[in-house]
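Here are some notes for a colleague who is opening this entry for the first time. Please read them with the sequence and the model side by side.

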Amino acid sequence: MATLEVKDLRIRYNRSGPSILKGISLSVDSGDFFAIIGPSGAGKSTLIRCINRLVEPTSGEVFLNGENITAMGARKLRMARRGMGMIFQEFNLVERMTVMDNVLSGRLGYLGTFKSFLRLYPKKDIRRALELLDRVGLSDFVDKRADELSGGQRQRVGIARALIQDPKILLVDEPTSSLDPKIAREVMAMIKVMSEELNVPVLCNIHDVQLALEFSNHVIGLQDGVKKFDGLTEQVDKGTLEEIYSMEIL
Ligand code: ADP
């Protein structure tokens, strides 16, 4: 069974508005690093957000380890979202909180209402947060406020926060757009290494084709809400890219 199975996903943001995803299907297995590429506005970010229902798809189905995410009510969805670690373009950290508290917030979904209100994390969560912060190279920054960190460091906090969830998959939305090229490559390498180490597959929206080809083993090419390519990264050639990006070239 695939870790993530997306079947014929469709969405319009408004009833009378344009179709943004026009029937997207894909299948991510354990060990995969999927890159979603395509022109700006193709629907890459929408696709990532429909998977954990940050955006509600109009139709289609999403299965995570065989469980139908799209059919879940609010309570089940909250539980299922623990299995989907998300890494964002703008990091989405709480700026005035420490690095440690930002990472620990990835465990909030596992605490009961009372404990989560008081942020009473068990010791094992604190140990795990320290381990992960060490692993992403931030052990000297544990007590710093998030807003004291550089962009690359902030994204590494975002990576640790996603991983402390014990996710079954990482959903990554333009993780490098706010970073300069050298740091962008380091962040991608960090996501890749950690995903391999913890055996968590990745689905990553990334408009930078060079980075996509460097770090993924599988590419989904989107254009105007339609899947133009779905295959191994090593199969992507000039013709493939021309097909995916044809609307930009014209
Ligand atoms: P990409 O990530 O490939 O750049 P997006 O998924 O961000 O593409 O956007 C795809 C299309 O959906 C764009 O035309 C965009 O304007 C539209 N869109 C994105 N978010 C919303 C929203 N919240 N409401 C209405 N339209 C949206």
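This is a predicted model: local features need pLDDT of at least 70, side-chain atom pairs count only at pLDDT 80 or more; totals for chains, interfaces and linings use all residues.

1. Residues are numbered from 1 along each chain as its sequence is written, and side-chain values use heavy atoms, with hydrogens and water left out.

2. The ligand is surrounded by Y13, I20, P39, S40, G41, A42, G43, K44, S45 and T46, where a residue counts if one of its heavy atoms lies within 4 Å of the ligand. By class, this shell holds four nonpolar, five polar and one charged residues, with Tyr and Pro among those taken as nonpolar, Lys among the charged, and Gly among the polar. Helix α1 (residues 44-51) supplies the largest share of the shell, three residues; helices here are DSSP runs of H or I with at least four residues, and strands are runs of E with at least two, numbered from the N terminus.

3. A polar side-chain atom of T46 lies 2.5 Å from an oxygen atom of the ligand, a polar backbone atom of S45 is 2.9 Å from a ligand oxygen, and an N or O atom in the side chain of Y13 is 3.4 Å from a ligand nitrogen. The protein covers 55% of the 560 Å² of accessible area that the ligand has on its own, as given by the Shrake-Rupley method with a 1.4 Å probe.

4. Most residues other than glycine have a negative phi. D166, however, has a positive phi of about 55° and sits in the loop between α6 (151-163) and β7 (169-173). N199 also has a positive phi of about 55° without being a glycine, and its place is the loop between α7 (181-197) and β8 (202-205).

Methods: A polar contact is a pair of N or O atoms within 3.5 Å; within protein, one must be able to donate a hydrogen and the other to accept it, and residues adjacent in sequence count only if both atoms are side-chain atoms.
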